[in-house]
Amino acid sequence: MRPQQLPFLFSLCAAISLGCTNASTPDLGKADNNSDLPNPTLSHVVTRHLGEQPGAFEVEDVTGPAAGESLCYRCRYSGRPTVVIFTREVNDSVSSLVQQIDHQVEKNIDKKLSAFMVVLEKDTAKVEPELKRIQASQEIRNTPLTVYHDPEGPAGYSLSPDAKIQVMMWNKEGIKVNEPIRGDLSPEEISQLVAQTNTILN
């Protein structure tokens, strides 16, 4: 090899090395909506897809068996088929949905169907009277009404910021239903959600 060729080879190797480095570093700012990468502006969020197992998170129980305490209903129900209703508002359509889901839980006790509702609200005192009213007026017996003190929802759940309500259903195989809803629910939409509980029954 001629001595004058060495600088050229060193330059070529350096360029190849730099190109490999750039190729292996993902551009988070250009990740599309289908990417598994977390949103760089929400670093605590990890997208949950159908089939994945939801993570643990604590709520403040308002009407359930642990009323006044903080606990993880995700942990308590473990691998049981579970429905969770995340909501940023407590209104008539939410009240109707939780009532009908509660009836499904009662009908499927033998299959260990479970459910709980989570209001995304920093101030428990602000929604506690309304949750207790719903429990009494709708005769909610099997579905704890709870509060999570962060409007964005639990870390790792990637709840839609535009959704008033987001319904998830899972069992020991992972998440089967993940439905964000922007507006109030119609009776037909409530019926469709209730029917989807059949997808998680073991």
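In what order do the elements of the protein run from the N terminus on?

1. Overall order. This is a predicted model. From the N terminus on, the elements run α-β-β-α-β-α-β-α-β-β-β-α.

2. The protein has 202 residues, of which 39% count as buried. Among the contacts in the protein with a separation of 6 or more, 68% are accounted for by residues 24 or more positions apart.

3. The sheet. The strands of a sheet pair through backbone hydrogen bonds, either parallel or antiparallel. Here an open sheet of seven strands has the order β2-β1-β5-β4-β3-β6-β7, and its pairing is mixed. Its edge strands, each pairing on one side only, are β2 (70–71) and β7 (174–181).

4. An antiparallel pair. Strand β1, formed by residues 59–61, pairs with β2 in the antiparallel sense, over two bridges. Glu60 has Ser70 of β2 as its bridge partner.

5. A parallel pair. Strand β3, formed by residues 82–87, pairs with β4 in the parallel sense, over six bridges. Phe86 has Val118 of β4 as its bridge partner.

6. Strand β4. How many residues of β4 are buried? The strand is mostly covered, with seven of its seven residues buried. In a regular strand the side chains alternate between the two faces of the sheet. From β4, Ser114, Phe116, Val118 and Leu120 point one way, whereas Ala115, Met117 and Val119 point the other way; all are buried. Val118 therefore belongs to the buried residues of β4 because its relative accessible area is under 20%, and Val118 is also the bridge partner of Phe86.

7. Two packed helices. Two packed helices are described by the angle between their axes and the distance between the axes. Helix α3 (residues 92–107) packs with helix α5 (residues 187–195) at an angle of about 30°, and their axes are 10 Å apart. Helix α3 is therefore roughly parallel to α5, as angles under 35 degrees count as roughly parallel. The crossing of the two helices is right-handed.

8. The contact of α3 with α5. Which residues of α3 meet α5? On the α3 side they are Ser93, Ser96, Leu97, Gln100, Ile101 and Gln104, and in α5 they meet Ile190, Leu193 and Val194. By type, the residues of this contact divide into five nonpolar, four polar and no charged.

Key:
Residues are numbered from 1 along each chain as its sequence is written. This is a predicted model: local features need pLDDT of at least 70, side-chain atom pairs count only at pLDDT 80 or more; totals for chains, interfaces and linings use all residues. Side-chain values use heavy atoms; hydrogens and water are left out. Axes are lines fitted to C-alpha atoms, for helices over the stretch in contact, and angles run from 0 to 180 degrees between N-to-C directions. Helices (H or I, at least four residues) and strands (E, at least two) are DSSP runs, numbered from the N terminus. Angles under 35 degrees count as roughly parallel, over 145 as roughly antiparallel, 65 to 115 as roughly perpendicular and the rest as oblique. A crossing is left-handed if the near helix is turned anticlockwise from the far one by less than a right angle, and right-handed if clockwise. Contact means heavy atoms within 4.5 Å. Ala, Val, Leu, Ile, Met, Phe, Trp, Tyr, Cys and Pro count as nonpolar, Asp, Glu, Lys and Arg as charged, and the others, Gly among them, as polar. Two strands pair if DSSP finds at least two bridges between them. Buried means under 20% relative accessible area, exposed over 50%, partly exposed in between (1.4 Å probe, protein chains only).
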